[in-house]
Amino acid sequence: MHKFFIRSFVSSLVLLFTFTVAAIAKDVKAAFVYIGPTGDHGWTYQHDVGRKAVEAAGFKTTYVEGVPESADAERVLRQLANSGHDVIFTTSFGYMNPTNKVAKEFPNVKFEHATGYKREHPNVSTYAARFYEGRTILGTIAGTMTKSNVIGYVASFPIPEVIRGINSFTLAAQKVNPNIKTKIVWAFTWYDPGKEAEAAKALIDQGADVIAQHTDSTAIVQIAEKAGVYAFGQASDMDKFAPKAVLTSVENNWGPYYVDRVKAVANGTWSQKDTWHGIGDGMVVISDLDSQMPADLRSKVKKLQADLASGKVHSFTGPIYDQKGNLMVAEGKTADDGMLAGMMTYVKGVEGDIPK
Amino acid sequence: MIIDINFIGLIIASIMASAVPLILASCGELITERSGVLNLGVEGMMIIGAISGFALMTVTGSLIIAVFGAMLAGVLISTIFAFLTQTLITNHVATGLALTIFGIGISAMIGKNFVGIPGKEFPVLFEGLKDTIPLLGPILFGHSIVFYFAFALPFITSYFLKKTKIGLIVRAVGDSPESASNQGINVRLVRYACILYGGSMSGLAGAYLSMIYTPQWIENMTGGRGWIALALVVFSTWNPIKILIGAMIFGGLTIIQFHMQAIGVRIPVQFLTALPYIVTIVVLVVISRDSRKIRLSTPSSLGKSFHKDN
């Protein structure tokens, strides 16, 4: 009996001490919610690279992968908020409503939602990247490098993000080469290597000699390598998968933003924000330019990159017409963010209809 | 668009290439089902084959070790299924589903270290003959050894089931395990062998995806092909030649719908993407509508556990 009391007393002391220490030196803990597996080498993989940057900056992180955009998401968010996380990053569009709902229940936890637009509570911020700026560069390269004047484009789902990419790519390609045609194939998947490969093959068989993609796997650049045509990497640098085919890649670089925001939480300076960063802020990164590109094209691309970064050049500068010839953006004007965020029409020069 | 004859050859060749994993996995599962065992773990065995093949290729650098290793991995994981369903007499459906979930999970775990590594070039045969014959050149030549094996497999399977003694034993076990057992056939042993064979073919199908078709490892890269292979077995009414037809239609429509999109055919894309599934089922149902034949070729004891009292 005597021993028992001493033991309980000591263990209570230890416990109390632990709690006190935890309460005083409160480490900021960040949690990440992923739609896919971290092994997709695409969207989720890049977010996880960002998470590792946060870890490297000295913060504790956890992540939950493969979370469906349903009631499951709410459950996961609630659990993360309950288990002492100070900031939670939700990295897919479909987490928008769950994020706002759970944010209301946990006013002391900060929520950061990627690619969404709803900030219903003061503890919810949103962030996204201007990938279309990267596609302006790809379009410029594609328009210059094509010999057949047919450019293939493997698209995923008809949402503004993807349409915006197709438009900015086509506008840039037309600018350097008015004769090009962009052939679009919808794969209706974000990643399915087999299907993406088949889509790319179909485009190559139909004469496309440059392939762009808005799906995540490396299958397309590998097919391009085999067929001897050019391609661009998506989300991460895919050069090592197809050294001859890949001219450059557009990389998603979330790390700096994540570190910044977690630090803000730690310093107590975090406030609600809507962030839409592009090349200028380093959220969109252009990989090394392949040496197969002529030197003058490379320097042109470098300049375009600098101009996009400084804001001197905008991907959507008027006059821009839609497919029917209606004016979308007047001469000398640029498309505002509202228009970009809701873009659901093709610009003139894109072939086919947007699947409804 | 100019339709030249080589263009058609190229399309047919890519259709055949996309049908390979379906044919391999379906023909393997067909033997398993013919012995009366329903193994819903095809997707799981395929993904295990995919990661095993890719991992072995990366680690050992030997394609032969990788291909056979992937088949062996399929055998090993199907041994679990065989032990559970044959020795411990568990329910086939539940065990098969568990096998798929297990396979997807464990492949992701092993695969963590293999993401983002480019695969190796897999050697192709008769590359030089590709341009010698118009149309047939690209169809017949310049493919991997697995490709040729896959297209021979339905015929081998058909011959095996119809003309060989062991084939007859497999069918007997699947149709009436009691009678087979009374004839002195070791039902459990036959079923074990058929399950392991099915596992090896699924493993090979997975390896084809991760080593030849799209040489890379990505989680979940089989993308439901295991389930399509399972469906092909049923809709082909357990006929290997019809599996070949079904797999070609499925692969064909998947690829042709991309071509139709690229040409700019004004059909809703969602309909085009659903087309492979719809047409494959319709065609297979139509070509095997003879109910007498269906009854003859359906393994009567499919999915039923056999427990010999002794």
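Residues are numbered from 1 along each chain as written, and chains are lettered from A in the order written. In this predicted model, local features need pLDDT of at least 70 and side-chain atom pairs pLDDT 80 or more, while totals for chains, interfaces and linings use all residues.

Visitor: What makes up chain B, helices or strands?
Guide: Chain B has 13 helices and zero strands. Helices are DSSP runs of H or I with at least four residues, and strands are runs of E with at least two, numbered from the N terminus.

Visitor: What share of chain B is buried?
Guide: A residue is buried if 20 or more other C-beta atoms, placed from the backbone, lie within 10 Å of its own. Buried residues make up 51% of the 310 in chain B.

Visitor: How many residues of chain B are in contact with chain A?
Guide: Contact means C-beta atoms, placed from the backbone, within 7 Å. By that test, 34 residues of chain B are in contact with 32 residues of chain A.

Visitor: Which element gives the largest share of that side of chain B?
Guide: H11(B) does, with six residues. Helix H11 spans 240–263 of chain B.

Definitions and conventions. Contact = placed C-beta atoms within 7 Å. Buried ≥ 20, exposed ≤ 12 C-beta atoms within 10 Å, placed from the backbone.
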